[in-house]
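This report is meant for someone meeting the structure for the first time. Please keep the sequence and the model in view while reading.

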Amino acid sequence: MNTIKACIFDLDGVIVDTAVYHYKAWKRLANSLGFDFTEHQNEQLKGVSRVRSLQLILGWGGVTKTEAEQEQLATQKNTWYMEMVNQMKPEEILPGAKEFLKSCRAVGLKTALGSASKNSMTILEKIGITDMFDAVIDGNKVSKAKPDPEVFLAGAQALGALPEECVVFEDAIAGVEAAIAGDMKVVGIGLPDVLKGANLVIKGLDEMTLDKLYKL
Ligand code: G6P
Ligand code: MG
């Protein structure tokens, strides 16, 4: 007898690989300020809010900006990011994501999106899967960033499930920590030595099955 009632999915890196677009846009911004950062440093930006990402990048470049300038820079990055997002096609949904969402819904499990991105709705529309979620909790609805569990707790509440009845799917360490802090089970998407603490780590949702879900 299992007690899982709901699945909550992060977006970037779990449903779509927009991480590469975030990276390109941030890199362009850093270059415009006269410095660069590595793909390895970029890992630290996963799951992190837009403003916080900018602060980390400015720190790497040893650049100081006023709050007003930071807002302008964040807006510039988002404009470049959205230029790429606007070209996205439904084929860019990651392998197995749609299929697993469908399997969940077919057995009556509730599904929610739990993402820090303020662009979540646009991305879901671009890839045509808005109707596969019973609730969408994104960066416009929460104020505390992962590893704070706010986004996932709001997701559970919107689905009418208790935290312990939810399973979170996350590719960022901050997200795995947020799920654990929220008392939820978590499936890591990525590498086991990065996503420490996850109940299970898989390479992508194409490796996920209901059988594995119920065994968590
Ligand atoms: C996700 C991504 C981060 C991104 C954040 C905010 O968590 O992993 O890389 O910074 O969302 O996204 P946004 O689209 O609002 O700039
Ligand atoms: Mg992510």
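Asp10 has its place in the loop between β1 and α1, where helices (H or I, at least four residues) and strands (E, at least two) are DSSP runs numbered from the N terminus. The model is a predicted one, in which local features need pLDDT of at least 70, side-chain atom pairs count only at pLDDT 80 or more, and totals for chains, interfaces and linings use all residues. Residues are numbered from 1 along each chain as its sequence is written, chains are lettered from A and ligands numbered from 1 in the order in which they are written, and side-chain values use heavy atoms, with hydrogens and water left out.

With a relative accessible area of 5%, Asp10 is buried, a term that means under 20% relative accessible area, as against exposed at over 50% and partly exposed in between (1.4 Å probe, protein chains only). Leaving aside residues up to four places away in sequence, Asp10 touches Ile15, Leu113, Gly114, Ser115, Lys146, Phe169, Glu170 and Asp171, contact being heavy atoms within 4.5 Å. The side chain of Asp10 also makes a polar contact with the side chain of Lys146, at 3.1 Å; such a contact is a pair of N or O atoms within 3.5 Å, where within protein one must be able to donate a hydrogen and the other to accept it, and residues adjacent in sequence count only if both atoms are side-chain atoms.

## The magnesium site

Which residues coordinate the magnesium ion (ligand 2)? The donors are Asp10 (OD), Asp12 (O) and Asp171 (OD), at 2.0 to 2.2 Å, where donors are N, O and S atoms within 2.8 Å of the metal (3.2 Å for Na, K and Ca), and the site may look incomplete because water is not among the atoms. Asp12 lies in the loop between β1 (6-9) and α1 (19-32) and Asp171 in the loop between β4 (166-170) and α8 (173-181), so this pair ties together parts that are 159 residues apart in sequence.

Asp12 is buried, with a relative accessible area of 14%, and Asp171 is buried at 12%. Not counting residues up to four places away in sequence, Asp12 touches Thr18, His22, Tyr81, Ser115, Ser117 and Asp171, while the residues touched by Asp171 include Asp10, Asp12, Lys46 and Leu195.

## Annotated positions

An unreviewed UniProt entry places the feature "binding site" at Asp10, Asp12, Glu170 and Asp171; its positions are given in the numbering used here, feature names are shortened, and annotations may be inferred rather than shown by experiment. These residues span 162 residues in sequence, yet no two of their C-alpha atoms are more than 9.0 Å apart, so they gather at one spot.

The unreviewed UniProt annotation "active site" covers Asp10 and Asp12.

## Two domains

The domain assignment gives domain 1 (6-17 + 91-214) and domain 2 (19-85), with bounds that come from an automatic or database assignment. Taken over C-alpha atoms, the centres of domain 1 and domain 2 are separated by 24 Å, and their contact takes 12 residues from domain 1 and 11 residues from domain 2.
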